[in-house]
Amino acid sequence: MRKRFRELGLSFGRLQPAEKNLITDVGKIKVGHVTLCYDRPSIVRTGVTAIVPENVFERPLSAACAVLNGFGKSVGLLQVEELGQLETPILLTNTLSVGTVFQGVVHYMSTKYKFRTLNPVVCECNDGFLNDILYPAVKPEDVFKAIELASEDFELGSVGAGTGMTTFGFKGGIGSSSRKLKDNFRMGVLVLANFGSYEDLVILGSRASEYVRAGIERKEESGSIIIVVATDMPLDSRQLKRIARHSFLALGMLGAPGYHSSGDICIAFSTSKGTTEETRENFDSLFRAVVECTYEAICDALFCAETVNGFLGSATAMPTEWVIECSRRDRF
């Protein structure tokens with residue numbers, strides 16, 4: 001795996017990252033991937049990613065969702081919006097595999113619990129440039145594997161659901177980051193990044209198009225991003241929704257204005273019950289944390305992703321030297 005944003009000496013924001021700088025710095029959360037990459041009988045570059053809160057069915061978590069632009073096919077968000085609760089792992093995959101992954105979640109949960117209804121949350125981005133999205137590569141058993149393989153340490157970049165994704169004209173995929181909050185609380189973000197136009201990308205104040213060529217043969221002003229926000233600070237669904245909405249500020253800070261055919265969705269949840277007086281009084285630090293986490297998670301998706309040749313062409317890994325050089329130049 002290529003080096004992460006901070007491993008190259010770069011940083012963003014005022015708050016400090018937690019220990020691993022991953023969403024799993026928030027306790028009681030694990031992440032697992034299943035990566036599908038082969039050329040016969042069709043060209044497949046896709047996968048499944050699972051964000052797995054501990055015992056989420058037995059103890060549903062306060063949750064909320066927010067939508068910047070609703071060009072998407074996710075399932076389960078309506079009930080999250082209505083009840084303010086999350087009761088299954090969150091699964092990420094490609095657009096046309098949502099139904100299969102939904103079935104996989106139901107089957108997996110039925111092996112663990114008895115129920116008569118369930119609200120799986122499955123979110124998607126379209127990887128149809130690198131992946132033959134009409135070929136039914138994703139199977140229900142891949143959901144089992146992704147959940148069972150989930151751990152606190154996980155790969156970033158061209159893995160899992162991010163295998164076939166592109167971002168700002170380069171190879172994209174899975175990114176993650178975290179921040180320390182007051183009183184030993186944590187916030188973490190995981191993104192499935194598949195959005196943005198090459199001409200838009202700005203990192204740490206420098207525009208990519210002035211230094212490097214686009215890494216994808218076909219330029220698009222579309223795509224999507226799924227943002228998953230987790231915190232161990234006790235928050236209710238209304239408070240989480242406020243935080244979820246603020247995550248989208250990071251997209252604009254990286255240059256994305258938002259496009260008609262982009263699906264930009266955030267799901268936020270808390271692993272703790274109740275609220276705190278401090279939270280009710282001041283949200284500024286939480287807003288800052290979610291913007292910083294989302295920004296850096298998207299950067300990690302770009303920095304860690306490797307070049308992938310696929311169905312309709314190639315997506316090249318974004319060169320990172322220009323960001324480092326521009327950062328040094330601006331520092332002195």
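This is a predicted model: local features need pLDDT of at least 70, side-chain atom pairs count only at pLDDT 80 or more; totals for chains, interfaces and linings use all residues.

A: **The nonpolar core**

The largest nonpolar core has 52 residues, and the ones touching the most other members are I203, I227, V229, I243, F303 and M318. (Such a core is a set of buried Ala, Val, Leu, Ile, Met, Phe, Trp, Tyr and Cys residues joined through side-chain atoms within 4.5 Å.) At least two residues of this core come from each of β3 (61-70), β10 (186-195), β13 (223-231), α4 (237-246), α5 (249-253), β14 (262-270), α7 (284-304) and α8 (321-331). Of these, α7 gives the most, with 13 residues.

Residues are numbered from 1 along each chain as its sequence is written, and side-chain values use heavy atoms, with hydrogens and water left out.

Now pick out I243. If you skip neighbours within four places in sequence, I243 is in contact (heavy atoms within 4.5 Å) with M187, V229, L235, F283, L286, F287 and V290. There's also another core lying apart from the largest one; this other core has 33 residues, including V80, L156, V159 and V228.

S62 counts as buried because its relative accessible area is 16%. (Buried means under 20%, exposed over 50%, and partly exposed in between, using a 1.4 Å probe and protein chains only.) Leaving out residues up to four places away in sequence, S62 touches G84, L235, D236, S237, L240, A268, F269, S270 and K273.

Next, the aromatic rings. A ring pair is described by how far apart the centres are and by the angle of the planes. Rings of Phe, Tyr and Trp (its six-membered ring) pair if their centres lie within 6.5 Å, with planes under 30 degrees apart counted as stacked, over 60 as edge-to-face and the rest as tilted. The structure has nine aromatic pairs. F12 and Y295 are stacked, because their ring centres are 3.7 Å apart and their planes meet at 10°. This pair ties together distant parts of the chain: F12 is in the segment before β1 (29-38) and Y295 is in helix α7, 283 residues apart. Both F12 and Y295 are buried.

Y211 and W322 are stacked too, at 5.9 Å centre to centre with 15° between the planes. Again distant parts are linked: Y211 lies in the loop between β12 (206-207) and β13, W322 in helix α8, 111 residues apart. Y211 is partly exposed, because its relative accessible area is 37%. W322 counts as buried, since its relative accessibility is 5%. Ring pairs also join F57, Y113 and F115 into a cluster.

For contrast, look at a spot on the outside. D183 is in the loop between β9 (173-180) and β10, and this residue counts as exposed because its relative accessibility is 56%. D183 also has a positive phi of about 60°, although it isn't a glycine.

Terms used. Helices (H or I, at least four residues) and strands (E, at least two) are DSSP runs, numbered from the N terminus.
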